[in-house]
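Come along, and I will jot down what I look up as I go.

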Amino acid sequence: MVTTTRNIQFREALREAMEEEMRRDERIFVMGEEVAEYHGAYKVTGPMIDEFGPRRIVDTPISETGFAGLGVGAAMYGLRPIIEFMSWSFCLVAADQIINNAPKILYMSGGQFGVPCVFRGNNGAGGQLGSTHSWSVESMFSSVPGLKLAVPSTPRDAKGLLKTAIRDDDPVFFLESERMLGFGHRGDEDFSPYLAGGKWAPPTNEEDDDFTIPFGQADIKKPGADCTIVTAGRPVHFALEAAEALAQDGIDCEVIDVRTYRPLDIDTIVDSVRKTNYCVVADQSWPFASVASELASQVYERAFDDLDNTIARVNNDDVPPPYNRSREQDMLPNARKIAEAVRQTTYNA
Amino acid sequence: MTTAATESKASDPPATDLGPDQLLQKLYDMMLIRRFEERTMQSYMQQKIGGFCHIYIGQEAVAVGSIAALRPDDSIVGAYRDHGIALAKGMDPRHAMAEMFGKVTGCSKGKGGSMHLFDKPNHMYGGHAIVGGQCPLGAGLGFAIQYEKKDNVALCYLGDGALNQGAFHESMNLAAIWNLPVIFVLENNMYSMGTHIARGTSMADDLQAKAQAYGMRYAECDGLDFIETYACFKREVANTRGAENPQWDRGALPDYRKDGRTPGPCFINVRTYRYKGHSMSDPQKYRSKDEVGEVEQNDCIQRLVRYLIDRGLATQEQIDDLDKQAKQTSSDAVKFANESPDMPIEELYTDVYAQPFGPFGKGEAAEGFRD
């Protein structure tokens, strides 16, 4: 593997993945609101329109049901659409197309028509956007068979997983975060310090023209011996921050980034728990029937005898996201909450 | 629809470019749907078929007339009343019946059922059971055809109930702004379940307004008349084939007209009628027996039979013979379905993913179905 130290934003990693795959495969196109002439509402597509033209980088009207479903139909025909939701919050008006059609058509057609379509966009609270714009959809959607769901946390994972998503023959829900798009580039306090200096940057195409990260392989972002923290996406950075604080108290955490909830690499998690005997699960959706609940349940089923205490879950508070800046931060998972959960669950260690 | 066409219909019987043999073939296709559906109803009553089951009887000229105007490699997608369009597009009646019986020899191995018939070799992109949900897929087929620079067209069938779903309107808009080679085929049987179109759809007596709102071409035809339906689709398919996207010219703004553009997408209002209930469980309290009886006097199959006999293009004997064949094929389909093996438990876990993981398996091709 080539090591690289280039400082690349999360959004640039996403763009690289799309550009490289689009040069490789003429069937791939990008469609969504403001992806072409505006260069993307969050500048993920950037100037891609200049290279690929309006046939392959397609601006849509504000019509999520229409263009998400169009992507499903085009994928059935044999194209490889990348459908961008400006925010996953907006996918809710396209629910019939993305969770009723996309993941079920292969099955309902007895294997005749696959839907190799990527739906991607920002997931999770952006920053004082209020309840309707702050959805985290991983818990809701990862319960649907037929789709795959990836939640990258670093530019390296973003590029490698998106390339895999584009090459995959099944519908993939790809959950980014607008709070991470500039990671490693700007010094904003909301951004993670764990990417400074190009850490976790992906290789360039010149360095590795076949760089991909397979689905269903969790990544140990920080090894440790005392407690396993399982998470994905933005909360990975909260977990790393918590682990740093806990290390000062002599608690050595292992941070596991599951990277894809479907397929889920439960083996890596269980192996870690067998070693540490303690487990904390964090995700940025509501606690009831969340991916954290599912992970906890699966760990109990497989490693009950190895646990020295109950598993602690860290989720959003069970309320709609508020507008108020401080209260929104209180409502979301953060490093403080994760550290607290680790201390509580490991108190008898 | 042009005024000229309306006038010519009033005076002369419509002409057709189909020869006697082709007309007889189309008559047979309609008879097959009729007889097939009779066996479907019978099998449903015998509880061989479960779930929701929507019968196509009365609308045969719509499926056969529209698909007769297509090339075999043109695509179609439809709603849940899909038996007729699946058969007209070429699905083997045995695979259609076996699917409804939940057998592994069905087109979807028993995973789809009556409302979800799919046939890839015949470019039939499925029956879709959420009202209006197939409209964006139809736009997607048109988009893909245009993207690949092919000269095919896609037909997207919908019932009058779908006119009031957002998905329909969003799809019409996308088809218009990108000038997609797709035809939205309204199978207007006047009832959305039990709700008359005038009770649920604004401008029900002037549906051209729906097309004009999007600057899309509009046509209408009598869906109880095969000859007229075929002629309408022949014309409009030609007017749709080769539609080009004005926005591929970067920075160009599309030019919309109230009467739409040619070649470009089209909205066709096909006036038809279903003789049977919305589904098998419908007691039909919302309409009178007289209303149904009146339409039955105007039956699409009988009209084509009269057309052929009156012009000396076929003998009654030939027609009886075709009907006998249709009955035989339908009962063969039931026999095939009856004798086929049930969907096995192993199939429960296949075809969930094209690239499976964990407990999911890779599906095998259904017997004698996929290419």
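**Entry 1: ground rules.** I call a residue buried if 20 or more other C-beta atoms lie within 10 Å of its own, exposed if 12 or fewer do, and partly exposed in between, with C-beta atoms placed from the backbone. My helices (H or I, at least four residues) and strands (E, at least two) are DSSP runs, numbered from the N terminus. This is a predicted model, in which local features need pLDDT of at least 70 and side-chain atom pairs count only at pLDDT 80 or more, while totals for chains, interfaces and linings use all residues. Residues are numbered from 1 along each chain as its sequence is written, and chains are lettered from A and ligands numbered from 1 in the order in which they are written.

**Entry 2: a helix in chain A.** I began with α7(A), residues 155–167. How many residues of α7(A) are buried? I found 12 of the 13, so the helix is largely enclosed by the rest of the structure. Among them are Pro155(A), Arg156(A), Asp157(A), Lys159(A), Lys163(A) and Ile166(A). What do they pack against? The buried residues of α7(A) pack against α1 (10–24) and the strands β1 (28–32), β3 (80–87), β4 (118–122), β5 (148–150) and β6 (172–176) of chain A. For contacts, I use C-beta atoms, placed from the backbone, that lie within 7 Å.

**Entry 3: chain A as a whole.** I counted 12 helices and 12 strands in chain A. Its radius of gyration is 20 Å, close to the 20 Å of the globule rule for 349 residues, so chain A is as compact as a globular protein of that length. The radius is taken over C-alpha atoms, and the rule is 2.2 Å times the number of residues to the power 0.38. The C-alpha atoms of chain A fill a box of roughly 60 × 45 × 45 Å along the principal axes. Buried residues make up 61% of chain A. Of its contacts with a separation of 6 or more, 78% join residues 24 or more positions apart.

**Entry 4: two domains.** Chain A is divided into domain 1 (10–198) and domain 2 (219–345), with bounds from an automatic or database domain assignment. Their centres, taken over C-alpha atoms, are 25 Å apart. The contact between the domains takes 25 residues from each. On the domain 1 side, α6 (138–141), β5 and α7 of chain A each supply at least two residues, and β5(A) gives the most, with three. I sorted that side by class and got 10 nonpolar, 11 polar and four charged residues. Here Ala, Val, Leu, Ile, Met, Phe, Trp, Tyr, Cys and Pro count as nonpolar, Asp, Glu, Lys and Arg as charged, and the others, Gly among them, as polar.

**Entry 5: the core.** A nonpolar core is a set of buried Ala, Val, Leu, Ile, Met, Phe, Trp, Tyr and Cys residues joined through C-beta atoms within 7 Å. Which of the 217 residues in the largest nonpolar core touch the most other members? They are Ile229(A), Val280(A), Ile338(A), Val342(A) and Cys156(B). Both domains of chain A give residues to this core, so it lies between them. Leaving out residues up to four places away in sequence, Ile229(A) touches, among others, Ala239(A), Cys253(A), Val280(A), Ile338(A) and Val342(A).

**Entry 6: one valine.** Val273(A) sits in helix α9 (residues 266–276) of chain A. I found it buried, with 25 other C-beta atoms within 10 Å. Its C-alpha atom is 6.0 Å from that of Thr228(A), 45 residues apart along the chain. Beyond its neighbours within four places in sequence, the contacts of Val273(A) include Thr228(A), Cys279(A) and Leu307(A).

**Entry 7: on to chain B.** Chain B has 13 helices and eight strands. Its radius of gyration is 21 Å, which agrees with the value near 21 Å for a compact globule of 371 residues. Buried residues make up 53% of chain B. Just after α2(B), Gln47(B) takes a positive phi of about 60°.

**Entry 8: where the chains meet.** I see 41 residues of chain B in contact with 40 residues of chain A. On the chain B side, β2 (124–127), α6 (134–147) and α7 (166–177) each supply at least two residues. The largest share, nine residues, comes from α6(B). By class, this side has 20 nonpolar, 14 polar and seven charged residues.

Key. Two residues are in contact if their C-beta atoms, placed from the backbone, lie within 7 Å. The expected span of a helix is 1.5 Å times one less than its number of residues.
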